[in-house]
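Thank you all for making the time this morning.

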Amino acid sequence: MRVNNYLSVCMFQLNIQLECNSEYEYLIETEEVLKQIEKAFDIIEKRQPDIALFPEMAYLERYEKKYQELSVSRIIVAGSYYKGNINTTVVFSDGVKYEILKGYASGAEPMARKITFIQPEEFLSEQLKSHEFWIKGRKIYILNCMEYYHAAYYIARNEIFKDKLFGIFAICSNSNTRVFEEETVCVHNHNEDLY
């Protein structure tokens, strides 16, 4: 008999504006953005999801304590921000903050001038562990945008990586989701139990 041991997931789509220069991108902190994030906090408190995800480039340090509070007994992917000219994913789990440097960049990102391409095998062996989180006995991977496009297929096919794996989650600020939808179909074709 198969047991349903699902995790509840809440993903937020925010209407944000980003500013970009030759070194980094950053979120423009308007009153509207702050209202949207605070509304998301209300939804998390009301719905009590196991995992909550904000988009890439949506992390705001001013809400650090709130993210920590909300992450007790859950995972909050607070988005990302530029740190040292590298897009850095911010994850809170049980009140602890984790910062994960983005491993792949699109040519449109300023950080593309700061990092070199690595083969998926190298990413999986050297960086994937920092993207791994556990909740309720289930493993999830948190990827940032292009990391999903480059690595998800290999995760879905690898016996070790997919053991106890509930899902692969990718935050993204790209409005063209087609490429990620196509990749998701490919991933699901190799592991239909994966979310």
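What follows is a short account of the fold, the sheet and the aromatic pairs.

Please keep in mind that this is a predicted model, in which local features need pLDDT of at least 70 and side-chain atom pairs count only at pLDDT 80 or more, while totals for chains, interfaces and linings use all residues. Residues are numbered from 1 along each chain as its sequence is written, and side-chain values use heavy atoms, with hydrogens and water left out.

The protein has six helices and 10 strands, these being DSSP runs numbered from the N terminus, with helices (H or I) of at least four residues and strands (E) of at least two. Of its 195 residues, 46% count as buried, where buried means under 20% relative accessible area, exposed means over 50%, and partly exposed lies in between, with a 1.4 Å probe and protein chains only. If we take the contacts with a separation of 6 or more, 61% of them come from residues 24 or more positions apart, contact meaning heavy atoms within 4.5 Å.

Turning to the sheet, five strands form an open sheet of mixed pairing, in the order S1-S4-S5-S6-S7, and two strands pair here if DSSP finds at least two bridges between them. S1 and S7 are the edge strands, each pairing on one side only.

Now to the rings, of which the structure holds 14 aromatic pairs; rings of Phe, Tyr and Trp (its six-membered ring) pair if their centres lie within 6.5 Å, and planes under 30 degrees apart count as stacked, over 60 as edge-to-face and the rest as tilted. Phe12 and Phe54 are stacked, because their ring centres are 5.0 Å apart and their planes lie at 25°. This pair links distant parts of the chain, 42 residues apart, with Phe12 in the loop between S1 (9–11) and S2 (18–20) and Phe54 in the loop between S4 (51–53) and helix H2 (64–70).

How are the planes of Tyr104 and Phe117 arranged? That pair is tilted, at 5.6 Å centre to centre and 55° between the planes. Tyr104 counts as buried because its relative accessibility is 2%, whereas Phe117, with a relative accessible area of 52%, is exposed.
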